[in-house]
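Dear colleague,

I am passing on the structure we spoke about, and below it I have set out what was found. Please read the notes with the model open beside you.

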Amino acid sequence: MTNQPYDGYDGYDPYGQQQQAWPGQGYQQGQQGYPGYEDPHAAQQYTQQWQGQTWETQTHQPVSAPAAADTAYLPPQGYAAPAPAPAPAEAVEASGGAAEYGPATVGGNTRVTDAQRARAEGRSPIIEPGMRPAALTALLGLLLAGAAAVGTYALLVPLVVLQAVTAAGWFRLNGMWPARQGIALGFAGALAADAALLASGRSPAAILGTLGVWVLLALVLQLRSHADPDERMYGLMATVAAAALAIVAGGYLAADADAVTVGAVAVAVAVLARALPLPTAASVVVALLAAAGGGVAAGSLTGLGPSGALLGAGAAACALIGHRVASYDYPSRFVHFTAGVALPLSAAAPVVYVLGRALA
């Protein structure tokens, strides 16, 4: 047997296909790829050439553009592709109106808040504070009434608490938390108004002057902010409103002591009556009547007499407006125990001052 060098090809053809050179290709490769062979037929035996149908042209049809688009993405077997996240209204309908959240967002469901659920279902986004915040309002009102009977500086203690809770509750009611600068600015304005009232002999002009200065101060601070224009405007409005409510609550300090006692008692009775489980219209009527009765009872102990009914009804009407504002847009428990407690008393302060001066 003659030993010949192994050239990588043993003559085995598993597919039964002939090895032929393409026209002109073997000669070029013989000259370029194998420089030692001048004969193109000699170079051909060292070069494998495949001619005939390949796997793609023999087994499968050519893939067209529409078919490629249809099979551009196929999810793995055994795994369901996540569905697109539905809109809040669709999520509400799919959940059947349940009170809790739906499954996690990994499954394609959107978490819907109580306010979004109520709007999608056509319900009113109002939740009233309830009996416990009403009890705290009544307690604070009775403290104001008793402190007013004692003296001006005794009234200052529960009044400062009322002003602080008002400033904090208004910012949280507007969804701005934490807002330490705005709360501190509103509370500082209330303290400045109280000091101006004491220095001026409880003149109401001190409240108006302090309010004007604090509006200008809030405007200057917001102009120095680097936030977006919309956010700055929103912060300006919230700061001015919080400072105004806290400063206006100082009207209890400027009002007559008997008027403060009657008005605070009327607000306490009205808020407790409003928290009773009654329809809204009936609850409002009952609260106003109860406040008028409480005003008469407190007026009989002071110098107002039967005219305390008018003062009590007026203070209760403003208190119910503040109570309604604190109930808007599904507030949190913190809002109920701050704005829900303080806003009824703060909103009633101007009426207590005006009617107290008129009926005195």
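His 323 counts as buried at 5% relative accessibility, where buried means under 20% relative accessible area, exposed means over 50%, and partly exposed lies in between (1.4 Å probe, protein chains only). His 323 lies in helix α15, residues 308-325; helices here are DSSP runs of H or I with at least four residues, strands are runs of E with at least two, and both are numbered from the N terminus. Leaving aside neighbours within four places in sequence, His 323 is in contact (heavy atoms within 4.5 Å) with Glu 128, Pro 129, Arg 274 and Pro 344.

Before going further, please keep in mind that this is a predicted model, in which local features need pLDDT of at least 70 and side-chain atom pairs count only at pLDDT 80 or more, while totals for chains, interfaces and linings use all residues. Residues are numbered from 1 along each chain as its sequence is written, and side-chain values use heavy atoms, with hydrogens and water left out.

Two of the residues that touch His 323, namely Glu 128 and Arg 274, also form a salt bridge with each other, their closest N and O atoms being 2.7 Å apart. A salt bridge is taken as a side-chain nitrogen of Lys or Arg within 4 Å of a carboxyl oxygen of Asp or Glu, and by this rule the count comes to one. The pair links distant parts of the chain, with Glu 128 in the loop between α6 (114-120) and α7 (131-150) and Arg 274 in helix α13 (residues 257-274), 146 residues apart. Glu 128 is partly exposed at 31% relative accessibility, whereas Arg 274 is buried, at 7%.

Helix α13 also holds Val 260, which is buried at 0% relative accessibility. Apart from neighbours within four places in sequence, Val 260 is in contact with Leu 144, Ala 148, Leu 155, Tyr 252, Ala 255 and Val 352.

As for helix packing, the axes of α14 (residues 280-301) and α15 come within 7 Å and cross at roughly 140°, the axes being lines fitted to C-alpha atoms over the stretch in contact, with angles from 0 to 180 degrees between N-to-C directions. The two helices are therefore oblique to each other, given that angles under 35 degrees count as roughly parallel, over 145 as roughly antiparallel, 65 to 115 as roughly perpendicular and the rest as oblique. By class, the contact of α14 with α15 has 11 nonpolar, three polar and no charged residues; Ala, Val, Leu, Ile, Met, Phe, Trp, Tyr, Cys and Pro count as nonpolar, Asp, Glu, Lys and Arg as charged, and the others, Gly among them, as polar.

Helix α9 (residues 180-199) and helix α11 (residues 229-248) pack at about 30° with their axes 8 Å apart, and are therefore roughly parallel. Their contact is made by Gly 182, Leu 185, Gly 186, Gly 189, Ala 190 and Ala 193 of α9 together with Thr 239, Ala 243, Ala 246 and Ile 247 of α11, which by class gives six nonpolar, four polar and no charged residues.

For the protein as a whole, the secondary structure comes to 17 helices and zero strands, and 34% of the 360 residues count as buried.
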